[in-house]
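Have the viewer open as you read.

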Amino acid sequence: MAINLPIVSKFSDAGVKAAESSLKKFSQFAKQSAVAATAAIAGIATVSIREFGNFDSALQQSVSIMGDVSDALRNDMAEAAREVAKTTTFSAEQAAESFYFLASAGLDATASITAMPKVAQFAQAGMFDMARATDLLTDAQSALGLTIRDDAIANMEEMVRVSDVLVRANTLANASVEQFSVALTTKSGAALRALNKDMEEGVAVLAAFADQGIKGELAGTQLSIVLRDLTTKAIKNKAEFEAMGLQVFDTEGNMRNLGDIIANLEDVLVGMSDETQKATLLQAGFSDKSLASIQALLGTSDAIKRYETELRAASGTTEEIADKQLESFNAQMDLLKSRLLDVAIEIGGKLAPRLLDLLDRMSPIIDQAAPVMLDLFDRIQAVLTKVYEEVSPLIEAALPSFLQLFEDLRKPVGQVLEFLRVLGETVLQAVIKLVTNEAFLSALSSIGKSFGTIAEQIGIVLKSPIVQFLLDLTSGIIITGLNVLAGALEAVANVFQRVIDVINAFNRTSVAPKTLPGGGMTSVSGFEINRGTQTYVPGFAEGGIVLPTPGGTLAIIGEAGQSEAVIPLDRLDAMMARGSGNISITVNAGMGTDGQDVGRKIVDEIIRYERASGRVFARA
């Protein structure tokens, strides 16, 4: 018998969804990693191509002046330059540039490859750049006659010797490697070579000069003068030299050691005064110029001999100093950078041929695209020409209208200026009327707002396209108009200032009349305004006191139809004594009482007295 049993199963897809989510995340990570890796590879490729290009260019410039250099020899030069970069703080590009100076000194490719590491050590020890080091070292070697062009090994050994002596001199005396190199290349090297003097002896004297503060070119020049005059004067003035006991040449006719000659000269001059020393040397035939150079070495014979001994034992000094220079943190970082750049050069060297091959393959495409591009530019030019030909007549035709429009604008601009003038006069009248009114500040504020509104309206007009175009065409005339506008505003400001000056003048006057003769005056709170001339003159028909002011006060006298007396107050008592009696006026004043207030009180008392008792001032 068959029995059917229903089976219900539940399946959870959480695990599947989790796995799917993980796969999606992994896919996104893989895409991002791929993008980052691609960007990194592209960046590395770009840097590598750039560094290889710089290095290859510097190397090619050096090879170009060496004549026929095989590919194998060129590769050897490249390897030598890159190896220098790994062992010094200089880059492979700088080392490649140094080949140029080695070639300029007459060294061929093989000799340059051999000399390169020694030049790098010299630059490292002397702390100057590779190009400068190569130039100085090869020049000094050549000046001393130590360059050997047909033997790369022997030439390298002489170069090392020169380098060791110069670096050692730097550690012994107060001058740099560069200063000693410059001294040798400035006359002294050639002078030493002419007299068969070796480098160690000559540099020992340069070290003695350096201790006297004589360095570089000056030291080289003075050493050449010493060598020249010692030998020349010893020959020309042989008798004087023998009488002095000064011996410059040995029995074989060769110049003695410089340290020995200076010691001999010190013995001859010992105990002499400065005057006697100079007279003795002049008698021996030395000139003032050579005398200064020789006297600078007096007392240095022991130092010269000591320096010479030290310099003859200078072998290995350059390498030792250069290695010590590399122990610093900065130097180690430079070495690390050089190694990274060397890797970049290696990568760039492998990418460059493929890139060149790609460029070669693109050449046909470029050749095919060039005519199409040229045709496109020709068409663009034709369109632009046509547009210009069509638009140009329109512009020329419209130009007179624009000029006429500008001429038409002259009148509105003039009206604006006239409006501003009238406004200025109106403001002036308002200031005069409101000068004693508390609403004065409010009135000024309203005027300011009026100016702002006008300026805003003018600005709206000026911002319109057509006005902007006209302004551009006639900027000179517009600027002139603005200058006129500025002058008008300045005139308004001057009027304001005059009003203030007048107000200040009236404030110093205690009494002012109501009217002037002829009805030409208007009274405003006690101030007189002549409408014809705008001149303010107080009247004194009713009397008054005028306080002293610089330049005095303008006043109208006799305007009431009767005679008046004007008399200084210090003469008032005498006048009253000649009259009918004395007037006693009592004014109470305390600390801080204002002088003008006292004057006004006196005037008030006089007027009050005259109202009660009649006039007291004499009338004619």
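The chain has 21 helices and two strands; helices (H or I, at least four residues) and strands (E, at least two) are DSSP runs, numbered from the N terminus. This is a predicted model, where local features need pLDDT of at least 70, side-chain atom pairs count only at pLDDT 80 or more, and totals for chains, interfaces and linings use all residues. Residues are numbered from 1 along each chain as its sequence is written, and side-chain values use heavy atoms, with hydrogens and water left out.

Some overall numbers come next. Of the 620 residues, 31% count as buried, where buried means under 20% relative accessible area, exposed over 50%, and partly exposed in between (1.4 Å probe, protein chains only). The chain exposes about 37,600 Å², and carbon and sulfur atoms supply 57% of that; accessible areas come from the Shrake-Rupley method with a 1.4 Å probe, and for residues only the protein chains shown count as cover. Take the contacts between residues at least 6 apart in sequence: 64% of them join residues at least 24 apart. Contact here means heavy atoms within 4.5 Å.

Now for the helix pairs. Axes are lines fitted to C-alpha atoms, for helices over the stretch in contact, and angles run from 0 to 180 degrees between N-to-C directions.

| Pair | Angle | Axis separation |
|---|---|---|
| α6 and α8 | about 20 degrees | 11 Å |
| α3 and α5 | roughly 25 degrees | within 8 Å |
| α8 and α9 | about 120 degrees | 10 Å |

Start with helix α3 (residues 92-104) and helix α5 (residues 130-143). The axes of α3 and α5 cross at roughly 25 degrees, which makes α3 roughly parallel to α5; angles under 35 degrees count as roughly parallel, over 145 as roughly antiparallel, 65 to 115 as roughly perpendicular and the rest as oblique. The crossing of α3 and α5 is right-handed. A crossing is left-handed if the near helix is turned anticlockwise from the far one by less than a right angle, and right-handed if clockwise. On the α3 side the contact uses Q94, A95, S98, F101 and L102, and on the α5 side M130, A131, T134, D135 and T138. Those residues divide into five nonpolar, four polar and one charged, with Ala, Val, Leu, Ile, Met, Phe, Trp, Tyr, Cys and Pro counted as nonpolar, Asp, Glu, Lys and Arg as charged, and the others, Gly among them, as polar.

Zoom in on F101, which belongs to α3. Is F101 buried or partly exposed? F101 counts as partly exposed because its relative accessible area is 27%. Setting aside neighbours within four places in sequence, F101 touches A131, T134 and D135.

On to helix α6 (residues 152-172) and helix α8 (residues 199-211), which pack at about 20 degrees. That makes α6 roughly parallel to α8. The crossing of α6 and α8 is right-handed, and the contact is made by R161, V162, V165 and A169 of α6 with M199, E200 and V203 of α8. By class that gives five nonpolar, no polar and two charged residues.

E200 is buried, since its relative accessible area is 6%. Beyond neighbours within four places in sequence, E200 is in contact with R161, V165, E308, L311 and R312.

α8 also packs on α9, at an angle of about 120 degrees, so α8 and α9 are oblique to each other. Their crossing is right-handed. Here G202, V205, L206 and F209 in α8 meet A219, G220, Q222, L223 and V226 in α9, for six nonpolar, three polar and no charged residues.Helix α13 (residues 288-297) has S290, L291, S293, I294, A296 and L297 buried. The buried residues of α13 pack against α8, α9 (216-236), α11 (258-269), α12 (274-283) and α14 (301-311). Just after α13, G299 takes a positive phi of about 90 degrees.

Most residues other than glycine have a negative phi. K187, though not a glycine, has a positive phi of about 75 degrees. K187 lies in helix α7 (residues 177-194) and is exposed, with a relative accessible area of 52%. N196 also has a positive phi, near 60 degrees. N196 lies in the loop between α7 and α8, and its relative accessible area of 71% makes it exposed.
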